[in-house]
Amino acid sequence: LPIYPSPLPKTGDNALYLAVAQVTQKSNLAKGLPQLSAEMVKQKPAQAEFYVELGQAWLSAGNPANAIGAFEEAVKRKPGSPVVSLNLADALTEAGQPARAIEVLNRATKSSPDDALLWYQLGIAHSGAGRGTEAIAAFRKSVALDPDLAEAHNLLGAALAASGDLDRAGKEFRSALEIHPDLADAQGNL
């Protein structure tokens, strides 16, 4: 609820921001998602960020197909954005389209080669496509860029274990747990 100013002036921007507030962090998805969708259709904002928020809300609601559409609109408004590419690739992977996610991420890593999260997501997409060797390479690049990314260590360990390299897999699981001792997936994997 808006606290200040009260009442909040009725403008298009205020309506959009109020709708975003309803879906951020899953705070009110059931009522907020239709509200945000309606405002987006009504206003067609130029900023990519509103489409990213809508896409993330659709992902939170378990609808990656609608999320893809929102993220594709964000790409039109902000091509080359690593954040938008990361979100689009995540939705594509969740929708069972890892090959398309790989295409998006390959372009993104060319323009932002030092973004550890892009490499991490690329590893996830390669894993989803059954490309273990490429997944290992992407996860290795991710942990080289950000050694504190526990999830990347964990998934690198899982990919190494799947390839039969249990010694190195164990080291990666331990690295993940040194960073994040309560990471349940890494505990279970180890």
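**View 1. Helix H9 and the glycine after it.** Gly164 follows H9 and has a positive phi, near 100°. The model is predicted; local features need pLDDT of at least 70 and side-chain atom pairs pLDDT 80 or more, while totals for chains, interfaces and linings use all residues. Residues are numbered from 1 along each chain as its sequence is written, and side-chain values use heavy atoms, without hydrogens and water. Helices are DSSP runs (H or I, at least four residues), numbered from the N terminus. H9 (residues 150-162) has 13 residues and spans 18 Å from first C-alpha to last, close to the expected 18 Å (1.5 Å times one less than the number of residues). Its buried residues (under 20% relative accessible area, 1.4 Å probe, protein chains only) include His153, Asn154 and Leu156. Among the elements covering the buried residues of H9 are helix H7 (116-128) and helix H10 (166-179).

**View 2. Glu39 in helix H2.** Glu39 sits in H2, residues 29-43. Glu39 is buried but has no salt bridge, and Lys42, the nearest side chain of opposite charge, is 4.3 Å away. A salt bridge needs a side-chain nitrogen of Lys or Arg within 4 Å of a carboxyl oxygen of Asp or Glu. Beyond neighbours within four places in sequence, Glu39 is in contact with Ala15, Leu16, Ala19 and Lys44 (heavy atoms within 4.5 Å).

View 3. Phi is positive in both non-glycine residues, near 55° for Gln25 and near 60° for Lys26. Gln25 is exposed (over 50%), at 79% relative accessible area; Lys26, at 56%, also counts as exposed.

Conventions. Helices (H or I, at least four residues) and strands (E, at least two) are DSSP runs, numbered from the N terminus. Lys and Arg count as positive and Asp and Glu as negative; His and the chain ends are not counted.
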